[in-house]
Amino acid sequence: MRIVSNSIEGRDIAYQMHPNVNLRKYEKTGGLVIESGDGIYVTDNNGKRYIEGMAGLWSVALGFGEKRLAEVAKAQMEKLPYYHTFSYKTHGPSIDLAELLISIAPVPMSKVHFTSSGSEANDLACKMVWYRSNALGNKDKKKIIGRIKGYHGVTIAAASITGLPRNHESFDLPLDRMFHTSCPSYVHFGKDGESEADFTARILNDLEELILKEGPETIAAFWGEPVMGAGGVLVPPAGYWEGVQAILKKYDILLVADEVICGFGRTGKMFACETYNIKPDVLIVSKQISSSYMPLSALIMNDAFYQPIADESDRIGVFGHGFTASGHPVATAVGLENLKIIQERDLVGNAARLEEKFLGRLAELAKHPLAHSSRGVGLIGALEIKPWGDAKPGDAAAAVSAALEEEGVISRNIGEALCFCPPLIITAEQIDDMFDAVGRALDKVEKTRA
Ligand code: PMP
């Protein structure tokens, strides 16, 4: 019989297998137990309060205590807790949210299809790209190009498009139809003496070379986050998205924009496609669509993407895809209310107005002896930490992140980057509180290194 400590931490270690951790390490350390939330704060089971500098997983736009979302969820549960959207059935919340999404989409779009996670939405977009190529008689046009350090989720196709080794290794991924082109991060991949403009030209050339090597007639789609999140908040250089789109147009390749993190205000516009003048065929959204109060994601597609798929379903007799929870009424009702609140309170405008303050404070912190540089757009940013002589990769940012947690701020360390993506409801004073704590954490870690 195994002995289980009666504490909540002990029972967690005993019974729960967590995502995205070193499982052996977790068995020893356990995790931080978060018990409640309000505004931009969460509180642990010992009563310690933290600024959630990452909005959970880049997602809780409205903060952790929005009563209107709780009320809408309760009302919908009482009226119609569940119904599906299969087999010629539908319901109001999914229709209302689809209509709103079409009305605010950054480019003319035709249809919305609901899923429950970013991974599912990307996985399905990939299946739809293949289905559509078959519909058009282009049986060989199936390859997909993602990017090194891109992140699109963890299901088999989404993980294959993702360009991070840990999401491939030992999972027998990526699938052999998926390719990865250069990452548009000048800080990480610019060569000594190379200007940002030369770097951009070089990586655009890499993309075109890959397309020509594989054969343009075999490549169906290109996938990209306007700003890479899980890769470490990587902001594209000027001219990058214009260049990518010109190449895709030249070779008749679809563009899927993954706005799972950027969508609904993160970059200071409703969509990052507006920030970077991106015109996608398919737009993937999730996270801030419901502030993550309910699992929800969506594919928003243009008419040229939709029509061949509809024809193919007509030929076969059915579009053979769908989840029990596709367009779930409680999730879509919460999503609708969440987007109404984002609009009513002009939280997109809040992100735009606070960008200068947010990026300015990060840039000041970048002058600290332990820091290398900073970057960001709107209310998403990162501070690159300078690893000390004997530090293993990632250890320096991990040490600062741990010290910051002691100071009462939750951040996320990715490689050498300390990432910030606070709730969109944050105020200027709260940005100061958050980054004052980062300054103290950097000083603390610097002292332990001296
Ligand atoms: N795409 C992007 C850009 C993401 O950031 C994420 C999650 N961080 C996903 C897809 C996957 O979403 P989920 O975790 O809901 O499957």
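Predicted model: local features only at pLDDT ≥ 70, side-chain atom pairs only at ≥ 80, totals over all residues.
Me: How many helices and strands does the protein have, and what radius of gyration results?
Reply: The protein fills, by its C-alpha atoms, a box of roughly 70 × 60 × 55 Å along the principal axes. Its secondary structure comprises 16 helices and 15 strands. The globule rule gives 22 Å for 450 residues and the computed value is close to it, so the protein is as compact as a globular protein of that length. The radius of gyration is 22 Å.

Me: Into which domains is the protein divided, and what distance separates their centres?
Reply: Domain 1 is made of two segments, 32-65 and 346-449. Domain 2 covers 70-344. Taken over C-alpha atoms, the centres of domain 1 and domain 2 are separated by 27 Å.

Me: Which helix supplies the largest share of the side of domain 1 that touches domain 2?
Reply: The contact between the domains takes 26 residues from domain 1 and 23 residues from domain 2. On the side of domain 1, at least two residues each come from helix 3 (55-58), helix 14 (347-365), strand 11 (371-377), strand 12 (380-385) and strand 15 (417-420). The largest share, five residues, comes from helix 14.

Me: How many residues of the side of domain 1 that touches domain 2 are nonpolar, polar and charged?
Reply: This concerns the 26 residues that domain 1 brings to the contact. By class, three of them are charged, seven are polar and 16 are nonpolar.

Me: Which strands stand at the edges of the open sheet of seven strands?
Reply: The strand order in this sheet is 4-10-9-8-7-5-6, and the pairing is mixed. From one strand to the next, the twist averages 20 degrees. Two strands have a single partner strand each, so one side of each is left without a neighbour in the sheet. These edge strands are strand 4 (111-115) and strand 6 (178-181).

Me: In what sense do strand 4 and strand 10 pair, and which residue stands opposite His113?
Reply: Strand 10 spans residues 297-301, and five bridges join it to strand 4. The sense of this pairing is antiparallel.

Me: What angle does the direction of helix 6 make with that of strand 10?
Reply: Helix 6 packs on the sheet, where it touches strand 4, strand 5 (143-147), strand 7 (219-224), strand 8 (254-258), strand 9 (282-285) and strand 10. Relative to the direction of strand 10, the direction of helix 6 makes an angle of about 30 degrees.

Me: Which helix gives the largest share of the shell around the ligand?
Reply: The ligand has 15 residues around it, of which Ser117, Gly118, Ser119, Gly153 and Val260 come nearest. By class, the shell divides into five nonpolar, eight polar and two charged residues. Three residues of the shell, the largest share, come from helix 6 (residues 118-135).

Me: Which strands are the edge strands of the open sheet of four strands?
Reply: The four strands are arranged in the order 1-2-3-13, with mixed pairing. Strand 1 (residues 34-38) runs antiparallel to strand 2, and four bridges join them. Strand 3 and strand 13 (residues 409-410), by contrast, pair in the parallel sense over two bridges. The edge strands, each pairing on one side only, are strand 1 and strand 13.

Methods
Residues numbered from 1 in each chain as written. Pairing = 2+ DSSP bridges. Near = placed C-beta within 6 Å. Nonpolar A, V, L, I, M, F, W, Y, C, P; charged D, E, K, R; others polar. Domains from an automatic or database assignment. Contact = placed C-beta atoms within 7 Å. Axes fitted to C-alpha atoms, helices over the stretch in contact; angles between N-to-C directions. Rg over C-alpha atoms; globule rule 2.2 N^0.38 Å.
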